[in-house]
Amino acid sequence: MGPRIYKYIAHPNQHRLETYLEHGGYQALRKALSMPREELVAWVNEANIRGRGGAGFPLGRKWGTIPKGATTIYLACNADESEPGTCKDREILENDPHQLIEAMAIYAYAVGIRQAYIYIRGEFRLAAERLEAAIREAREHGFLGRNILGREDFSLDIWVHRGAGAYICGEETALIESLGGKRGQPRLRPPYYPTVMGLLNRPTPVNNVETIVNLVHLVNLGVEAYKSVGTSTSPGTKLYPVSGHVKRPGVYEAPFSVTLRQLIYDYAGGIRNGNRLKAVIPGGASVRWLTEKDLDVVMDFDSVRAAGSDLGSAGIMVMDETVCAVDAALNLVHFFAHESCGKCTPCREGTRWMEQILWRIQHGEGRPGDIELLEDVASNIGGKSFCLLGDSSVVPVQSSIALFRDEYERHIAEKRCPVAQEFPLSSPEPPH
Amino acid sequence: MLLSEQAYKECEEIISRYPDKRCAIIPVLWVIQRECGYISEEAMIEAARILGIRPVEVMDVVSFYTMFYSTKPGRHVIAVCQTLSCALAGARKILEHLQNKLGIKPGETTPDGMFTLEAVECLGACADAPVVAVDWYYYYRMTEEKVDRLIESLKKGEEPQQERRDFRLWLAPEIQTAERKSSE
């Protein structure tokens, strides 16, 4: 049957230990502790758990980069979920926090970790409160703390570390900087690969919430059953948030073998009001837009990449015919300009310039040559900035121009937005 | 003393969670902002003293993160998400409605000190757009009517509480079918 991360997410008391135990909680931890650490590591490699934060990087491979013999290793769980369109981790943090705690304990046991931090974005207030309560419960019942479940060789402390409003802190090196008490500005790799030189220059693997919780299911099911759903390169299930112009926006768990068409039309009920699909962003603001012709793409990492986009965070944003491509690009570029950490010039200045040009085009002040100017600015940010935020910021621009260049041209020629929009997607005030 | 004795004890406990004192800057600032409502210059100097670092290092952090306030905000902070999924669901209209209703622009506080209005970026609740957070507790699928009711309840002195959601709104068809079948 495969894993079911969201199996108990709707139960009103799932966040309490008593209910979590009734639903089979902490059995995976017990089972894991009965296995040699090497066997757990082997399972993780065989199961090919792909990272669910946005890169799809295999968990086993990440573990393999931790220096052998390292004695002080910190685990940082990335609960900074901030990629536009992505709202899947929050459900686990708020409604099933023990699943994360149990999974982190399994992770810590396998890798040899005694201190773990959950870096949770500051806005997730209820989730932080629920996590802290769940951690207290877990400690009281011997699932955390010293000598877990009687094992003298296994102790673990998990601390909730709230962020304070910065998308860039979801980038793993910036997260580590923030955890270290600094501005969340990314670090250079090499040498600062988190698994090699992370917090206080100790190995600090950083992994997404959804990635980590998969460990509970892997241990409970065993490798074969875990891999019985999904695809050969992306086994298991994925949480797919679907938002925008669908009848039933929601977060749907499905095997990786599901197609984009199935997610939009079967799970989310199709486009609202019988409208036509204009474009769909399959994996958060940082990935290329797809259209009607791409709907049969299998929603696993390698298939979406082969189709010219990326599964990313799986934040699926559906846009129908009432959407103006320029305004949508402007909305996302505004996001990146706002969230730019400021460290490197191409991103800090370039995102602001792209926003200014897009705003003029959208609000009737476009000039001939503006599209070429946008393309030129974008080409000097993408691939030339210190971290992926810069690369991400140009994607909405390049993607919307590639698909809807004529729409841009009409904005400029007619000196207005020619699309009959239901709602404006940007401010009537120009950006500063 | 800037903080309560309880708060100083809390800061000490927080510092003990980390291998280095400096890691505790953000958690300590959260304690200070909870106690004082915002982070003043005096508070930054005090935080530096507690952590054994320089005030400029504290200021470095405070100035970077959007959720730390350097002036006292209103009794309630109303944050309206404006990023794509919420924008597609009408978030700009919700923001404008609040601007008109409260008589302030984003970034401002009402003269009576009750509400600070903020236009914010993706809050991570996109499937329940448009989203409004009051003191960082989330309210989902907002309409102008829901906004009006929310403001009324806050004016009456009710504390914000994250909205309970109906997960049935999400359930995929085959689960809905299975549930219907099992109840037949």
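## Contact between chains A and B

In this predicted model, 54 residues of chain A and 42 residues of chain B make up the contact between the two chains. On the chain A side, at least two residues each come from helix 7 (125-140), strand 3 (157-162), strand 5 (237-244), strand 6 (250-255), helix 11 (260-267), strand 8 (316-320) and helix 13 (325-339). Helix 13 of chain A gives the largest share of that side, with six residues.

By residue class, the side of chain A that touches chain B holds 28 nonpolar, 16 polar and 10 charged residues.

## Domains of chain A

Chain A is assigned domain 1 (17-223), domain 2 (237-320) and domain 3 (325-414). The centres of domain 1 and domain 2 of chain A, taken over C-alpha atoms, are separated by 27 Å.

Domain 1 of chain A has 12 residues in contact with 16 residues of domain 2 of chain A. The side of domain 1 of chain A that touches domain 2 of chain A consists of two nonpolar, four polar and six charged residues.

## The open sheet of chain A

In chain A, four strands are arranged in the order 6-5-8-7 as an open sheet with mixed pairing. Strand 6 and strand 7 (277-281) of chain A are the edge strands; each has a single partner strand, so one side of each has no neighbour in the sheet. From one strand to the next, the twist averages 25°.

Strand 5 and strand 6 of chain A run antiparallel and are joined by six bridges. Within strand 6 of chain A, A:Y252 is the residue that stands opposite A:Y240. Strand 5 and strand 6 of chain A also each supply at least two residues of the side that touches chain B.

A:L374 is located in helix 15 (residues 370-379) of chain A. A residue is classed as buried if 20 or more other C-beta atoms lie within 10 Å of its own. A:L374 counts as buried because it has 23 C-beta neighbours inside 10 Å.

With neighbours within four places in sequence left aside, the contacts of A:L374 are with A:M354, A:I357 and A:V397. Between A:L374 and A:V394 the separation is 20 residues in sequence and 9.4 Å in space, C-alpha to C-alpha.

## Domains and strands of chain B

The domain assignment of chain B gives two entries, domain 1 (5-64) and domain 2 (76-161). Taken over C-alpha atoms, the centres of domain 1 and domain 2 of chain B lie 29 Å apart.

Strand 1 (residues 76-81) of chain B is mostly covered, with five of its six residues buried. This strand runs parallel to strand 2 (residues 115-120) of chain B, and six bridges join the pair. Strand 1 of chain B also pairs with strand 3 (residues 132-134) of chain B, here in the antiparallel sense and over three bridges. The bridge partner of B:V80 in strand 2 of chain B is B:A119, while in strand 3 of chain B the residue opposite B:V80 is B:V132.

Key
Residues are numbered from 1 along each chain as its sequence is written. Chains are lettered from A and ligands numbered from 1 in the order in which they are written. This is a predicted model: local features need pLDDT of at least 70, side-chain atom pairs count only at pLDDT 80 or more; totals for chains, interfaces and linings use all residues. Two residues are in contact if their C-beta atoms, placed from the backbone, lie within 7 Å. Ala, Val, Leu, Ile, Met, Phe, Trp, Tyr, Cys and Pro count as nonpolar, Asp, Glu, Lys and Arg as charged, and the others, Gly among them, as polar. A residue is buried if 20 or more other C-beta atoms lie within 10 Å of its own, exposed if 12 or fewer, and partly exposed in between; C-beta atoms are placed from the backbone. Domain bounds come from an automatic or database domain assignment. Two strands pair if DSSP finds at least two bridges between them. Axes are lines fitted to C-alpha atoms, for helices over the stretch in contact, and angles run from 0 to 180 degrees between N-to-C directions.
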